[in-house]
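Q: Hi! I'm new to this one, could you walk me through it?
A: Happy to. Here it is.

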Amino acid sequence: MSREERKVLAGTLVGTTIEWYDFFIYAQAAAFILATHYFNPAGAENPAVGQIVAWASLGISFLFRPLGAIVAGHIGDKYGRKITLVLTLFGMGAATTLIGLLPTYQQIGIAAPIILLLLRVLQGFSAGGEWGGAALMAVEHAPNHKRGLFGAYPQIGVPLGMLLATLFMFGLTSMLTPEQFESWGWRVPFLFSVVLIGVGYAIRRAVDESPVFVAMQQRAKESSAPLGQLFRTNKREVTLAALIFAANNAAGYLVIAFFASYGAKSLGMERSETLIASLVGGVGWLIFTMLGGWMSDRIGRKLTFQLGYGFIILWAIPMWFMMDTGSLPLFAAAIFILTIGLGPSYGPQSAMYAEMFPARVRYSGISIGYALGSIIGGAFAPLVAQLLLNETGQSWTIGLYIALLSIVSFTAVCFVRKSDQGRDLHIEEVHEEFIAKHPGEDVPPVLPEDMEPTNAQHRA
């Protein structure tokens, strides 16, 4: 692995970890704090209603991910992956820090939840553009036979961000009294985002632009914005990308936010115990995501995804009977076992999506597909889970919901062309278009040696 490749992987990993830390801090605050601090009128007579509103505030930002994906995809396809990653990092960090400073409903009234939702929208807008850039920076720098492994690095930013957020929450709940945590302690993880932004910016600033984008830029400087072309020529791929991601995102947000709230509020477990179980789940998710990326280079992306979703379908209902014992070891084990399916249905995602789209619309395509999938899946998964629990009183119905979504995602994976794996990620289609527009000109090869000296070995 070259020095530049190590810098790229570090930049994508650290950046996505920070972005998702910001996102997940909000999810965990929604599980424990926001209902009483910002949505108090909704839950004054019925705490369950307040919690439902808090889950809804978690989901509303997902509705703005496609807009963020469209804007970031346009910038990323037109001006480069690197600048987009820096912009999304600052957008997410600013919103998170301001939430940490926001007065409560008791202090400023109705303005508090309104401002909170606006900041949540900014988080969603920023997250919509983050993943696509990080995924492409990793995969487009990767040797052909290691795309799955390289693409798994931005993927593990999700469990790492979750682990960082959960460790922070666990440390605070352990060191502070419940009154101190409720009063001001929950704000500390939000304010800490300022430090993480500085670290992430320093690392990302040192990363070179994707070699694919550099080559494409030299071929098509006069090209039009790619967004219109995406919807004219790649609607099928955008639809498949959204459906493939939906179930993993829904199950993932149960691990991130809902399970801890369910254990504490429905099973009577200590808050610290449910956070320990979330940490166990985060470790499993990290391990199996890396394993899934590695497996996809060996046995194929489609088969790896299918194995992951097949496992989730089988485990989605039984796991609730293990969790409902209220025993910490069994509760944590149920979550850990779920991650055996989450990893293979998430680790290969960067590589699979990059191979599904042509270079010219790749950033827009994977970002919008990812954002739409998150709306179908994770946006309101905790809210749907809470509503099912309130309506039926049976936790296994939540598992049925996840299993049905997983069947949809499994089916979508089956329609991905197997021939996409290993396809040329470079810019033959732009090269051919350039030649057609400039007949008779002496056009150099698609990837001249002086354009990509550190990646020459990849083309073999």
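**A first look around**

A: Let's start with D420, which counts as buried because its relative accessibility is 9%. One thing to keep in mind: this is a predicted model.

Q: Okay, and where does D420 lie?
A: D420 is in the loop between α24 and α25.

Q: What does D420 touch?
A: Leaving out residues up to four places away in sequence, D420 touches E355 and M356. There is also a C-alpha distance for D420 and A354: the two are 66 residues apart along the chain and separated by 9.3 Å.

Q: Let me zoom out. How many helices and strands are in the chain?
A: The chain has 25 helices and zero strands.

Q: And what share of the residues counts as buried?
A: Of the 460 residues of the chain, 59% count as buried. As for contacts between residues at least 6 apart in sequence, 87% of them join residues at least 24 apart.

Q: Can we talk helix packing? At what angle do α16 and α21 pack?
A: Helix α16, residues 235-265, packs with helix α21, residues 349-356, at an angle of about 165°, and their axes are 10 Å apart. That angle makes α16 roughly antiparallel to α21, since angles over 145 degrees count that way.

Q: Is the crossing right-handed or left-handed?
A: α16 passes α21 in a right-handed crossing.

Q: Which residues meet there?
A: From α16 come E237, L240, A241, I244 and F245, and they meet Q349, M352, Y353 and M356 of α21. The residues of this contact between α16 and α21 divide into seven nonpolar, one polar and one charged.

Q: I saw I244 in that list. What is S409 in contact with?
A: I244 is one of the contacts of S409. Setting aside neighbours within four places in sequence, S409 is in contact with L243, I244, A246, A247 and Y309. S409 itself is found in helix α24, residues 396-414.

Q: Buried or exposed, that S409?
A: S409 counts as buried, because its relative accessibility is 0%.

Q: New topic: how many aromatic pairs does the structure hold?
A: The structure holds 14 aromatic pairs. One of them is formed by Y21 and F168, and that pair is tilted, with 6.4 Å centre to centre and 40° between the planes.

Q: Which parts does that pair tie together?
A: Y21 lies in helix α1, residues 3-32, and F168 in helix α10, residues 157-175, so the pair ties together parts that are 147 residues apart in sequence. Y21 counts as buried, at 0% relative accessibility.

Q: How are the rings of F305 and Y309 arranged?
A: Their centres are 6.3 Å apart and their planes are at 35°, so the F305 and Y309 pair is tilted too. F305 and Y309 both lie in helix α18, residues 301-315, four residues apart, which is about one turn of the helix. Both F305 and Y309 are buried.

Q: Which residues do ring pairs link into a cluster?
A: That cluster takes in W55, F258, F259, Y262 and W320.

Q: Last one: where is T12, and how far apart are T12 and A134?
A: T12 is in helix α1. T12 and A134 are 122 residues apart in sequence, and their C-alpha atoms are 5.0 Å apart in space. T12 is buried, with a relative accessible area of 2%.

How values were computed: Residues are numbered from 1 along each chain as its sequence is written. This is a predicted model: local features need pLDDT of at least 70, side-chain atom pairs count only at pLDDT 80 or more; totals for chains, interfaces and linings use all residues. Side-chain values use heavy atoms; hydrogens and water are left out. Axes are lines fitted to C-alpha atoms, for helices over the stretch in contact, and angles run from 0 to 180 degrees between N-to-C directions. Helices (H or I, at least four residues) and strands (E, at least two) are DSSP runs, numbered from the N terminus. Angles under 35 degrees count as roughly parallel, over 145 as roughly antiparallel, 65 to 115 as roughly perpendicular and the rest as oblique. A crossing is left-handed if the near helix is turned anticlockwise from the far one by less than a right angle, and right-handed if clockwise. Contact means heavy atoms within 4.5 Å. Ala, Val, Leu, Ile, Met, Phe, Trp, Tyr, Cys and Pro count as nonpolar, Asp, Glu, Lys and Arg as charged, and the others, Gly among them, as polar. Rings of Phe, Tyr and Trp (its six-membered ring) pair if their centres lie within 6.5 Å; planes under 30 degrees apart count as stacked, over 60 as edge-to-face and the rest as tilted. Buried means under 20% relative accessible area, exposed over 50%, partly exposed in between (1.4 Å probe, protein chains only).
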